[in-house]
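Here is a friendly briefing to read alongside the sequence and the 3D view. Keep both open as you go through the points.

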Amino acid sequence: MKQKLVVIGAGMASGRVLEHLTDAAPDAFDITLFNAEPRGNYNRIMLSPVLSGEKTYEDIVTHDDSWYAERGITCRFGEKVLKIDRDLKVVEGENGHVAYDKLLFGTGSTPFIIPLPGHDLEGVIAYRDLEDTHRMMGMGPDNKVVVIGGGLLGLEAAAGMAAHGVDVTVVHIMGHLMERQLDEAAGYLLKKSLEDKGIKIRLLANSKQILGEDGKVRALLLDDGTELPCDLLVMAVGIRPATALAQETGLAVGRGIHVDDQMVTSDADVLAVGECVEHQGEVFGLVAPLYDQAKVVAATLLGDEAAFQQKTLSTKLKVTGCDLFSAGDFAEAEGREDIVFRDPARGVYKRLVIEEDKLIGAVMYGDTADGSWFFGLIKDETCIEEMRDTLIFGPAYQGGDAADPLSAVAALPPEAEICGCNGVCKSDIVEVIQGGAGDLGAVRATTKASASCGTCTGLVEQLLQVTLGDDFQMPTAQPICGCTELTHEDVRRLIKSKPLKSQEAVWQELGWTSRNGCHVCRPAINYYLLSDWPLEYQDDPQSRFVNERKHANIQKDGTFSVVPRMWGGITNPAELRAIADAADKYDVPTVKVTGGQRIDLLGVKGEDLPAIWADLNRAGLVSGHAYSKGLRTVKTCVGTDHCRFGTQDSTGLGIKLEKILWGSWTPHKLKLAVSGCPRNCAEATCKDIGVVCVDSGYQISIGGAAGMDVKETELLCQVPTEDEAIEVVMAVTQAYREGGKYLDRLYKWLNKVGMDWVKAQVVEDLENRVALVARFELSQSIYRKDPWAEHAQEKARDYAPLADLTLEAAE
Amino acid sequence: MNWIDIGHIEEVPLRGARVLKTPVGCIAVFRTGEAEIFAASNSCPHKQGPLSEGIVHGQSVTCPLHNWVFDLNTGEAQGSDDGRIDVYPVRLEHGRILIDGDAIGQRSAA
């Protein structure tokens with residue numbers, strides 16, 4: 001006698017079960033198929049090509065009406081299952097009961113909707129079924145759409161709509177796209193390709209609220225206050241196994257419906273397959289394991305032996321022009337080694353992860369031709385010891401070349417600006433080289449490139465080498481570190497001319513040989529990026545030395561020193577009381593007056609930092625940045641307020657300068673002083689920038705130091721008014737910020753570019769001075785704030801231990 | 001092994017570290033990638049610099065005091081420096097960081 005099989009859900013997994021079952025034993029079961037969607041099985045993973053217009057719905061239908069009819073399957077589409085009685089073995093649908101001998105759950109998954117305020121507005125959809133796809137296909141060039149979620153599904157949705165000319169913005173909470181399948185480098189390249197397709201991408205973006213008008217979505221509000229207007233909002237943030245019915249039915253359910261290796265649930269007559277199941281703690285979203293499960297379900301139903309085993313998976317993104325591949329495990333755990341290959345000119349990145357002479361993971365972007373070969377090595381656990389050195393070049397390796405250090409320059413577009421001072425682009429330089437300029441001097445003479453501040457000299461030489469080949473002998477320059485062949489100057493220039501706006505962009509486009517730099521190059525790159533792109537690039541604390549990350553100076557015993565700011569060296573009894581109270585409360589062993597006219601609390605425990613800052617903040621005290629490669633102090637004398645020799649209000653000017661400059665990052669520390677007369681009590685002439693007041697105005701001199709080198713400043717200019725003095729100081733600071741090599745004090749930068757160049761930029765060219773001031777102000781709109789307040793409020797957790805296992809041991 | 005849950009991976013900054021206090025002293029828990037965790041002694045053998053405050057790059061950390069670099073896989077100092085830090089077995093399970101309790105002198109909770 002035929003057994004009765006009821007299947008709930010006509011998806012890809014249960015569809016595959018029906019195929020296996022009806023092929024192997026057409027008469028074994030009397031089958032009833034419920035589906036809440038009013039249609040049968042279609043290839044859900046091909047919805048993206050339908051959205052982009054490369055396929056139609058008809059193309060992706062797997063099972064049409066006649067397919068079900070031929071196999072005698074009773075279809076109850078568009079009908080929900082209300083209840084299941086496992087004692088009576090009856091399924092109750094909206095239109096009546098069906099009895100079963102075996103029951104199969106294929107309820108799939110439901111898209112996760114973030115419960116943001118406004119998530120129930122009209123025009124907020126998921127990306128899951130044909131209805132959603134049709135909604136998105138209804139958008140055109142006049143529409144704006146926001147997609148929340150930078151995973152596989154979200155990006156396919158975004159690319160599909162962008163193909164129709166829709167203005168699409170993807171909002172992603174993580175630091176790079178598809179973080180589950182890709183590492184940062186491949187995520188960066190993917191972002192770049194998608195941006196080339198006109199898709200806007202916002203990373204590290206937290207959605208706060210969905211704004212509506214007349215019950216319809218109007219915009220997405222981010223927690224930084226940005227409003228992204230949209231006509232449609234697509235949430236593609238993940239799926240959850242659909243387990244509600246199974247739970248009501250009393251089956252064992254965790255994240256998904258629990259199944260054993262035979263795909264049987266906690267009830268021997270009930271099986272489950274697909275995205276709704278949980279097997280050995282895992283749930284499934286990709287199609288390959290679902291098909292494996294389907295085979296096992298069919299075998300189990302027919303009484304054959306079979307067991308489902310989880311396998312390594314690979315991923316490809318179905319977006320035309322984005323060639324990426326990821327397989328296996330490319331993160332996690334110790335004992336693993338990386339092999340990294342980058343070709344900036346072709347936009348290629350490959351990373352292999354090796355453990356115990358086996359390949360266990362691979363991420364590739366730009367050139368994925370060897371993907372299946374690597375995937376084979378991963379699945380078969382092949383020993384790669386013998387071919388390790390050449391593995392990354394793939395199966396066709398014949399003895400390939402090492403990465404070309406010149407390729408970053410070779411890959412620059414002709415219009416890329418090489419010399420910023422004289423506005424000379426790559427094609428200008430290449431032209432004169434081809435026209436006979438055979439060395440640096442000739443290029444300088446004909447184009448002016450590298451003839452001013454000289455920081456682009458390295459790049460001009462590389463262009464000579466790229467253009468002339470072996471006819472040009474490169475002078476040897478010191479690269480930043482072992483991660484690159486490029487010098488600081490080369491990198492600074494390339495960051496501007498390419499342009500490069502993230503660390504990943506630098507690693508990839510300039511062919512870094514390490515995964516994410518080292519302690520030498522990463523702080524430099526972080527500084528260059530934040531100095532050149534204050535709005536686009538976000539400062540990365542993890543690329544800073546401990547003092548700048550913790551906003552305090554580490555001492556030899558691992559404690560810290562805390563120096564609150566005293567504007568221009570002026571304080572008052574309330575501040576002094578707060579400092580004294582803090583010293584008492586936190587058992588500060590040493591309190592010392594510094595050379596920069598403020599008070600240092602030495603020996604504060606790392607864990608106490610947020611608390612002591614919060615206490616000092618309450619008295620109005622902020623960070624003195626005594627730890628930073630940035631503005632330290634502006635030292636002053638008392639000036640006309642009290643001194644009988646004072647010519648100007650030096651204290652007042654010092655306070656003004658400090659309030660303008662504080663918080664700014666510079667290549668190295670920056671110390672200022674303002675003296676009220678040439679007796680120079682504030683010692684202004686051994687500071688990075690010194691102002692000496694005279695009767696007729698303000699003498700500004702730069703390039704002093706009193707450290708390992710002792711230097712007297714050189715006069716930059718004299719100006720008649722305080723406002724002008726402030727402007728010149730801001731402009732020269734910005735010129736140093738923009739051109740200085742990381743860890744060069746101002747005097748070293750001055751030696752390289754020359755005083756004449758600085759005078760031309762800051763004193764003579766007034767338009768340029770104004771532009772420098774404007775760029776400084778723009779950067780300060782981000783950085784002129786108290787990091788102590790921010791850390792005490794938002795990051796206090798990071799200063800405490802992750803856990804304390806000594807307490808438990810004592811109990 | 002006796003795995004002890006010490007926190008969620010998101011509690012450790014990417015390319016950063018947090019300190020774990022244990023009966024065998026302070027251990028630094030490093031996060032070198034989105035889902036890549038190491039644990040090693042927090043103390044540099046040179047001048048006892050707190051390694052959890054160092055710059056984390058690749059699968060290495062640089063001591064904040066005098067720039068000794070340690071491979072977090074082996075604990076060996078790199079380059080010309082000679083020294084080693086203890087490393088401890090850790091693993092990730094659904095985002096939770098687990099450390100081997102036996103290796104840090106912690107008896108089982110049971």
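Strands (E, at least two residues) and helices (H or I, at least four) are DSSP runs, numbered from the N terminus.

This is a predicted model, in which local features need pLDDT of at least 70 and side-chain atom pairs count only at pLDDT 80 or more, while totals for chains, interfaces and linings use all residues. Residues are numbered from 1 along each chain as its sequence is written, and chains are lettered from A and ligands numbered from 1 in the order in which they are written.

**Around β10 of chain B**

- Strand β1 (residues 3–8) of chain B runs antiparallel to β10(B), and five bridges join them; two strands pair if DSSP finds at least two bridges between them.
- Trp3(B) has Asp100(B) as its bridge partner in β10(B).
- Strand β9 (residues 90–93) of chain B also pairs with β10(B) in the antiparallel sense, over four bridges.
- Here Glu93(B) has Arg96(B) as its bridge partner in β10(B).
- The hairpin of β9(B) and β10(B) has two residues between the strands, and His94(B) takes a positive phi near 50° there.

**Chain B as a whole**

- Chain B has 10 strands and zero helices.
- Of its 110 residues, 50% are buried.
- Among contacts in chain B between residues at least 6 apart in sequence, 42% join residues at least 24 apart; a contact means that the C-beta atoms of two residues, placed from the backbone, lie within 7 Å.

**Where the two chains meet**

- How many residues of chain A are in contact with chain B? There are 29 of them, and they touch 38 residues of chain B.
- On the chain A side, α18 (546–550), β39 (803–804) and α27 (805–810) each supply at least two residues.
- The most comes from α27(A), with three residues.
- This side of chain A divides into 11 nonpolar, eight polar and 10 charged residues. Ala, Val, Leu, Ile, Met, Phe, Trp, Tyr, Cys and Pro count as nonpolar, Asp, Glu, Lys and Arg as charged, and the others, Gly among them, as polar.
- β39(A) and strand β2 (residues 16–22) of chain B run parallel and are joined by two bridges.
- Ala803(A) stands opposite Leu20(B) in β2(B).

**Chain A as a whole**

- Chain A has 27 helices and 39 strands.
- Of its 811 residues, 47% count as buried.
- Among contacts in chain A between residues at least 6 apart in sequence, 63% join residues at least 24 apart.

**A three-stranded sheet in chain A**

- The strands of an open sheet in chain A have the order β13-β14-β15, with antiparallel pairing.
- Its edge strands are β13 (207–213) and β15 (227–229), each of which pairs on one side only.
- Strand β14 (residues 216–222) of chain A is joined to β15(A) by three bridges.
- Leu221(A) stands opposite Glu227(A) in β15(A).

**Helix α7 of chain A**

- The 13 residues of helix α7 (residues 184–196) of chain A should span 18 Å at 1.5 Å a residue, and its end C-alpha atoms are 18 Å apart, which agrees. The expected span is 1.5 Å times one less than the number of residues.
- Buried residues of α7(A) include Tyr188(A), Leu189(A), Leu190(A) and Leu194(A).
- The elements that the buried residues of α7(A) pack against include α6 (152–162), β24 (348–355) and α16 (503–509) of chain A.
- Gly198(A), which follows α7(A), has a positive phi near 90°.

Key
A residue is buried if 20 or more other C-beta atoms lie within 10 Å of its own, exposed if 12 or fewer, and partly exposed in between; C-beta atoms are placed from the backbone.
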